[in-house]
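Here are my notes on the model you sent over, as a handful of numbered points. I hope they are handy while you have the coordinates open.

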Amino acid sequence: MHVLVVQNYHNTGLGQVGTALNEANASIDLRSAYLGEALPSSHDDHDAIVVLGGDQNALADEEYPYLPQLAGLIKKFGDADKAVLGICLGSQLVARGYGATNILGRPAEFGWHDVICTAEAASDPVLSAVEERFPIFHWHSDTFTLPEQATHLALSQMTTNQAFRIGRAVYGIQFHFEADTRLVDEWKHVFHDQIVESYPDWLANYAGNVAKDGAAADAAGLALARAWVALIR
C-alpha cells in the first residue's frame, strides 16, 4: 500500500490518519507542496492520496501555484477509483477538483464542537464508524458547495458541509478528525500567538475543553481514520 500525502502548511501532520496507515503497514510518500516539492503528474505510482490542511484558501493560486494541479490530481485519483481523503483545506480542494464552488471568508469555526451525521452516513463505509453526533476539532473559516455527484454525510451548527463522499472512496472532510489531543496540544504551542490573538478564551479554558471533549474526539477520529484506510486497495 503506497499512499501519497500532500502537506500544505507547516506542522500539519497526519495525526490519527498516520496511526491508521502505520497499522496497515502503508508506505507514505510525503510531498511538502507548499515548500515547492513536486507533485506527481498521475496516480499511477500510488494507491491513495491524502491532502492535509493549511492556512491558505483553496483558490490562492497566485501564492501557491500548485493548487490547480493538486485539485486536478485529486480528481485523477478519484476517477481511477482510488481512495482520496481531503481534510480541511484538503476537503476544499476535493470540492474544487470536482467542480464545486469554494466559499471564502466566513466566520471561523474553532475548537472542539459537535458534528452531526446525515441519514446517508448510516450506510457510509467511513461515517458509519462513529455515532450520529460526536465532538471533533475544527479550525477553518472557508467552506464549499457540494459537488453535484456528492453524498452529504455530516454538518455542524456553523457549517452545513462538513463531510461528503463521491463514488466509492473519495472523501472531503472539513473537520480535523486527524487531530487528536496530542496533535492539538502541539498546535497550541506552535500556533500560540495566532490562537491567543483570535481565540483567547479557548486557550484560557484549554484544560476544561480537553476534559470535556478530548477523549470522545480522539476515539471518533481514530475510528474514522481506520475506516477510510480500509478502503485503500
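1. Setting aside neighbours within four places in sequence, Trp228 is in contact with Ala48, Ile49, Val50, Ala83, Val84, Leu85, Val126, Ala169 and Tyr171, where contact means heavy atoms within 4.5 Å. A word on provenance: this is a predicted model, in which local features need pLDDT of at least 70 and side-chain atom pairs count only at pLDDT 80 or more, while totals for chains, interfaces and linings use all residues. Residues are numbered from 1 along each chain as its sequence is written, and side-chain values use heavy atoms, with hydrogens and water left out.

2. Trp228 also belongs to the largest nonpolar core, which has 54 residues; Phe175, Phe177, Trp202 and Trp228 touch the most other members. Such a core is a set of buried Ala, Val, Leu, Ile, Met, Phe, Trp, Tyr and Cys residues joined through side-chain atoms within 4.5 Å. Buried is under 20% relative accessible area, exposed is over 50%, and partly exposed lies in between (1.4 Å probe, protein chains only). Helix α7 supplies the largest share of this core, eight residues. A second, separate core holds 26 residues, among them Leu39, Val51, Leu73 and Phe77.

3. Next, helix α4 (residues 181-190), where Leu183, Val184, Trp187 and Lys188 are buried. These residues sit on the same side of α4, because they cover an arc of only 150 degrees around the axis, taken from the directions from the helix axis to the C-beta atoms. An α-helix has 3.6 residues a turn, so residues three or four places apart point the same way. Exposed Arg182 and His189 are on the face of α4 turned away from its buried side. What do the buried residues of α4 pack against? Their partners are α1 (15-23), β6 (109-117), β7 (133-140), α5 (192-198), α6 (200-204) and α7 (206-229). Helices (H or I, at least four residues) and strands (E, at least two) are DSSP runs, numbered from the N terminus.

4. Gln16 is a polar residue to look at in helix α1. Is Gln16 buried or exposed? Gln16 is buried, at a relative accessible area of 6%. A polar atom of the Gln16 side chain lies 3.0 Å from the backbone oxygen of Asp218. Beyond four places in sequence, the contacts of Gln16 include Phe177, Glu178, Ala217 and Leu222.

5. Ser91, in helix α3 (residues 89-97), is buried as well, with 0% relative accessibility.

6. The whole structure has 10 salt bridges, each a side-chain nitrogen of Lys or Arg within 4 Å of a carboxyl oxygen of Asp or Glu. In one of them, the closest N and O atoms of Asp61 and Arg96 are 2.8 Å apart. Asp61 is in the loop between β3 (48-51) and α2 (67-79) and Arg96 is in helix α3, so this pair ties together parts 35 residues apart in sequence.

7. Two further pairs deserve a look. Asp81 and Arg168 meet at 3.0 Å, N to O, and together with Arg233 they are linked in a network of salt bridges. Asp81 is partly exposed at 32%, as is Arg168 at 23%. Arg165 and Asp124 meet at 2.5 Å, N to O, and both are buried.

Definitions and conventions
A polar contact is a pair of N or O atoms within 3.5 Å; within protein, one must be able to donate a hydrogen and the other to accept it, and residues adjacent in sequence count only if both atoms are side-chain atoms.
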